[in-house]
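Work through the exercises below with the structure in view. Try each task before reading its solution.

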Amino acid sequence: MGIALFALFVGLPIAEIATFIKVGEVIGAGPTVGLVILSALAGVALIRFQGLITLTRARAALDAGALPVKEIFDGACLLASGFLLAIPGFVTDVAALLLLIAPIRDALRGVLAKRLQTSVSLHGLDLQGGAQAPFGPGPGLGPQPDGGKGPVIDGDFVEVEVEASSEQTRPVDLTKTKDTNPWAKKS
């Protein structure tokens, strides 16, 4: 993980600078800067358009009673794409444009879902709700013989009986108790 962060924070700026230099040698400094600005503007326009489509699809999924997992992931990819487009450079622009392509997002979502499922199952959790022991259900987990679910908690209890009072309590009329009410306004 440390090497990946080092490569990201040191390697990415170096790659961006090298790309700027090479593109500047080919098309010149002015067009290079113009291309970076144009890519940022085009990216913002694409994100707005695709963001509205994603929001509409998420709302339709919620109306149908389904969880909008795909739409949430697409929204996260669009947010990451917008962040990458805001960073000046060609390498980040290429990565952002790749995130804007729906089949690439679908493939990335599939890969991440498989990794998440593997990670979760290795840590003893079940994505459908509940927990499981690393080597199958353990004592107190999962369905119980009597049909109940959840852990069995062993404990003691004491029944307490409350005796009914022979006197009935009546509501107090606060307008007639000005003499005994400490909060009543004194005249």
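**Exercise 1.** Leaving aside its neighbours within four places in sequence, which residues is T32 in contact with? Then decide where T32 lies and whether T32 counts as buried or exposed.

*Solution.* 
- Step 1. Keep in mind that this is a predicted model.
- Step 2. Look for the contacts. Beyond the neighbours within four places in sequence, T32 is in contact with F20, V23, G24, I27 and F90.
- Step 3. T32 belongs to helix α2, which covers residues 29–63.
- Step 4. Check the accessibility. The relative value for T32 is 4%. Buried means under 20%, so T32 counts as buried.

**Exercise 2.** Find the salt bridge between K70 and D106, and say which parts of the chain the pair ties together.

*Solution.* 
- Step 1. Find the bridge. The side chains of K70 and D106 meet at 3.8 Å, N to O. The cut-off is 4 Å, so the pair qualifies as a salt bridge.
- Step 2. K70 is in helix α3 (residues 69–86), and D106 is in helix α5 (residues 102–122). The pair therefore ties together parts 36 residues apart in sequence.
- Step 3. Check the accessibility. K70 is partly exposed, at 31%. D106 is also partly exposed, with 31% relative accessibility.

**Exercise 3.** How many salt bridges does the structure hold, and which residues are linked in a network of them?

*Solution.* 
- Step 1. Take the total. The structure holds 4 salt bridges.
- Step 2. Look at D74. Its salt bridge partner is R105, with the closest N and O atoms 3.2 Å apart. This pair links distant parts of the chain: D74 sits in helix α3 and R105 in helix α5, 31 residues apart. Both D74 and R105 are buried.
- Step 3. Look at R109. A salt bridge joins R109 to D106, the closest N and O atoms being 3.1 Å apart. The two are 3 residues apart in helix α5, so about one helical turn separates them. R109 is partly exposed, with a relative accessible area of 22%.
- Step 4. Name the network. Salt bridges link K70, D74, R105, D106 and R109.

Conventions. Residues numbered from 1 in each chain as written. Predicted model: local features only at pLDDT ≥ 70, side-chain atom pairs only at ≥ 80, totals over all residues. Heavy atoms only, no water. Helix = DSSP H or I, 4+ residues; strand = E, 2+ residues; numbered from the N terminus. Buried < 20%, exposed > 50% of the residue type's maximum accessible area, 1.4 Å probe, protein only. Contact = heavy atoms within 4.5 Å.
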